[in-house]
Amino acid sequence: MFPTITLFGIIPLSLYMVFNVLGIVAGSITMLILTIHFAKERYPKLKSKNYKSQRTKYCLSTIIIFSISYLSTSFGANYVGTLKFRGMDMKSIAFVGGLLVFIPLFMFLAYNLPQNGDVLSQLERAMPSMAIMQVFTRIGCLASGCCFGVPFEHGLKFPPTAPGIAKYGLDARLFPTQPMESIIMLICFIVMIIMIKQGKKTLHIFPIIFGIEGFINQVFTGDNRGNLYFTYIDVQQIAYIILLLIGIAFYFYRKKHEVPSNDNKKDSNIKKKNKVNHAY
């Protein structure tokens, strides 16, 4: 809506970049808080004097892995965004494409660097950070007018200089793709935080929700950047499908390798005893 603002009446600022920076800050704070939370669970206060040292090493290693992975994929995504492939503007896969690189890179670093923890548990606390980043990124898209929707009777009205108005005309109202995704990612973030507090696994939540939501949202997006070969699916939707499959794989892997809690073990033992009693 308002691509730039002027700071102190002198310095022009891109609102897209402002909200991107806010997203990075929010994601980094989220990652730090969750890492400290998991470190306290992993290294509770013991009689040993080393627990603080272990917590500190654990937190630092996780933050370093997250920072290296995010910065690498961010620069890579920005570079890919400048490219064109078979007439397609690769900028359309900047975030989700970067995410597809972030996940394996994070897992590789977490596996090879000393961090005293499960690789998937390390990655699990990065997922809410990605969700909250996308909340702010999409607000930036709304402010700059990019990633606009198709014409919609009850849609948003953009200024005459917006890219969507240039494509569809001055009277066009456009489907609210940007705020819709921002709201869904915020809900996703809140759900993951609640589940983490309840001690539940959340690794699969963000890839699955973002994969499904992103694919559907792209159907209503007006700035289509080109289809993939002979298909009606654009390159960004392919990336969302891959992300969805990664989320499903995480879910079934966690399901298969889930360690039952003490309460579950007690319940299963009670059930076994009841079966034996009924048999007699």
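Colleague: How many aromatic pairs does the structure hold?

Modeller: This predicted model holds 8 aromatic pairs. One of them joins Phe 66 and Phe 102.

Colleague: What makes Phe 66 and Phe 102 an aromatic pair, and why is the pair called edge-to-face?

Modeller: Their ring centres are 6.0 Å apart, and rings pair if the centres lie within 6.5 Å. The planes stand at 80°, and over 60 degrees counts as edge-to-face, so both names apply. Phe 66 belongs to helix α2 and Phe 102 to helix α3, so the pair ties together parts 36 residues apart in sequence.

Colleague: Why are Phe 66 and Phe 102 called buried?

Modeller: Buried means under 20% relative accessible area. Phe 66 has 5% and Phe 102 has 1%, so each counts as buried.

Colleague: Why is Tyr 168 called partly exposed?

Modeller: Tyr 168 has a relative accessible area of 30%. Phe 148, at 5%, counts as buried.

Colleague: What makes you say that a charge sits over the ring of Phe 38?

Modeller: The charged end of Arg 125 is 4.3 Å from the ring centre, and the distance cut-off is within 6 Å.

Terms used
Residues numbered from 1 in each chain as written. Predicted model: local features only at pLDDT ≥ 70, side-chain atom pairs only at ≥ 80, totals over all residues. Heavy atoms only, no water. Phe/Tyr/Trp six-rings, centres within 6.5 Å; stacked < 30°, edge-to-face > 60°. Helix = DSSP H or I, 4+ residues; strand = E, 2+ residues; numbered from the N terminus. Buried < 20%, exposed > 50% of the residue type's maximum accessible area, 1.4 Å probe, protein only. Lys NZ or Arg CZ within 6 Å of the ring centre and 35° of its normal.
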